[in-house]
Amino acid sequence: MKQDVSAPDPVDARLGARLAELRAERGWSLGELAERSGVSRSTLSRAERAEISPTASLLNRLCAVYGRTMSQLLSEVEAEPALLVRAADQQVWEDRDSGFVRRSVSPPHTGLRGELVEGRLVPGADIAYDRPPVPGLEQHIWVLEGALAVTAQDVEHMLGAGDCLRLRVWGPTRFRCAGEGEARYVLAVVLP
């Protein structure tokens with residue numbers, strides 16, 4: 001019987017290659033990266049070889065180890081960003097396991113400290129990050145549709161359409177779709 005071996009998603013392939021480059025630049029083995037990130041060696045290896053599509057939580061852990069935001073990492077696997085980012089050119093990434101869709105509306109750019117991300121969470125979606133990718137990262141979370149529960153510094157904030165939460169991220173955070181419909185929000189990220 002012939003096994004179906006499909007080609008990896010092109011974004012996952014470029015992302016895997018970049019993750020391998022970042023590890024190699026530091027001279028770390030998979031074991032050393034596993035110790036630093038808390039992610040198993042086998043998962044790291046599979047992500048670097050694009051055998052799996054990394055989850056938002058996995059990318060967040062690796063970003064924390066490498067000292068970059070998720071948007072910075074994802075922008076490194078794109079072509080040089082333009083000043084004008086047309087809707088059709090905005091990179092979309094999906095974490096199918098958690099029901100999270102992320103659109104890089106205004107990706108990181110050399111000389112700019114801020115970026116804009118559109119997030120969408122399906123009903124029941126719940127994403128927990130054990131640490132910020134960059135300690136002290138400034139975030140502004142503006143809900144466009146639905147209800148979003150954001151937990152930071154052990155306090156849960158319930159946000160409805162039009163509400164905006166502003167914070168600096170130092171520890172674990174959690175984003176949860178708190179309504180019966182999809183939650184759609186804008187995340188403005190500013191490097192410290």
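A polar contact here is a pair of N or O atoms within 3.5 Å, where one must be able to donate a hydrogen and the other to accept it. Keep that in mind for the tour, and remember that the model you have open is predicted.

**Stop 1: Gln-90**

Select Gln-90, in the loop between helix 5 and strand 1 (92–95). Its side chain reaches the backbone oxygen of Val-85 at 3.5 Å. Now show what surrounds Gln-90: leaving out residues up to four places away in sequence, it touches Val-85, Arg-103, Ser-104 and Val-105. Is Gln-90 buried or exposed? Its relative accessible area is 12%, so it counts as buried, the cut-off being under 20%.

**Stop 2: helix 4 and Tyr-66**

Next, colour helix 4, residues 56–66. Here 8 of the 11 residues are buried, so the helix is largely enclosed by the rest of the structure. To see them, select Ala-56, Leu-58, Leu-59, Asn-60, Leu-62, Cys-63, Val-65 and Tyr-66.

Stay with Tyr-66, which is buried at 6% relative accessibility. Apart from neighbours within four places in sequence, Tyr-66 is in contact with Leu-19, Leu-22, Arg-23, Arg-26, Trp-28 and Leu-33. Two of these deserve a distance label. The backbone nitrogen of Arg-23 lies 3.4 Å from a polar atom of the Tyr-66 side chain. The C-alpha atoms of Tyr-66 and Arg-26 are separated by 9.4 Å, although these residues are 40 apart along the chain.

**Stop 3: the nonpolar core**

Which residues touch the most other members of the largest nonpolar core? Select Leu-121, Ile-141, Leu-148 and Tyr-185, out of 44 residues in this core. As background, nonpolar side chains tend to be buried together in soluble globular proteins.

Centre the view on Ile-141 and show its contacts. Beyond four places in sequence, they include Leu-148, Val-150, Leu-159, Phe-175, Tyr-185 and Leu-187. Asp-163 is also among the contacts of Ile-141.

**Stop 4: the largest cavity**

The whole structure holds 3 cavities of 30 Å³ or more, and the largest has about 290 Å³ of space. To find its centre, select Asn-60, Met-70, Tyr-129, Gln-139 and Leu-187, which lie nearest to it among the 21 lining residues. That lining divides into 13 nonpolar, 6 polar and 2 charged residues. Several elements each supply at least two lining residues, including helix 5 (70–75), strand 3 (114–121), strand 5 (137–145) and strand 10 (183–190).

**Stop 5: Thr-173**

Move to strand 9, where you will find Thr-173. This residue is buried, with a relative accessible area of 10%. Its contacts beyond four places in sequence are Ile-127, Ala-128, Tyr-129, Thr-151 and Ala-152.

**Stop 6: the loop between strands 6 and 7**

Finish with Gln-153, in the loop between strand 6 (148–152) and strand 7 (155–159). Asp-154 has its place in that loop as well. What is the phi of Gln-153? It is near 50°, a positive value in a residue other than glycine. Asp-154 is not a glycine either, and its phi is positive at about 60°. Gln-153 is exposed, with a relative accessible area of 57%, and Asp-154 is exposed at 79%.

Terms used. Residues are numbered from 1 along each chain as its sequence is written. This is a predicted model: local features need pLDDT of at least 70, side-chain atom pairs count only at pLDDT 80 or more; totals for chains, interfaces and linings use all residues. Side-chain values use heavy atoms; hydrogens and water are left out. On a 1 Å grid over the protein atoms alone, a cavity is a set of points where a 1.4 Å probe fits but cannot get out, and a pocket is an open set with protein on both sides within 12 Å along at least five of seven lines; lining residues have an atom within 4 Å of a point. Grid points are joined across faces, edges and corners, and a volume is the space filled by probe spheres set on the points. Helices (H or I, at least four residues) and strands (E, at least two) are DSSP runs, numbered from the N terminus. Ala, Val, Leu, Ile, Met, Phe, Trp, Tyr, Cys and Pro count as nonpolar, Asp, Glu, Lys and Arg as charged, and the others, Gly among them, as polar. A nonpolar core is a set of buried Ala, Val, Leu, Ile, Met, Phe, Trp, Tyr and Cys residues joined through side-chain atoms within 4.5 Å. Buried means under 20% relative accessible area, exposed over 50%, partly exposed in between (1.4 Å probe, protein chains only). Contact means heavy atoms within 4.5 Å.
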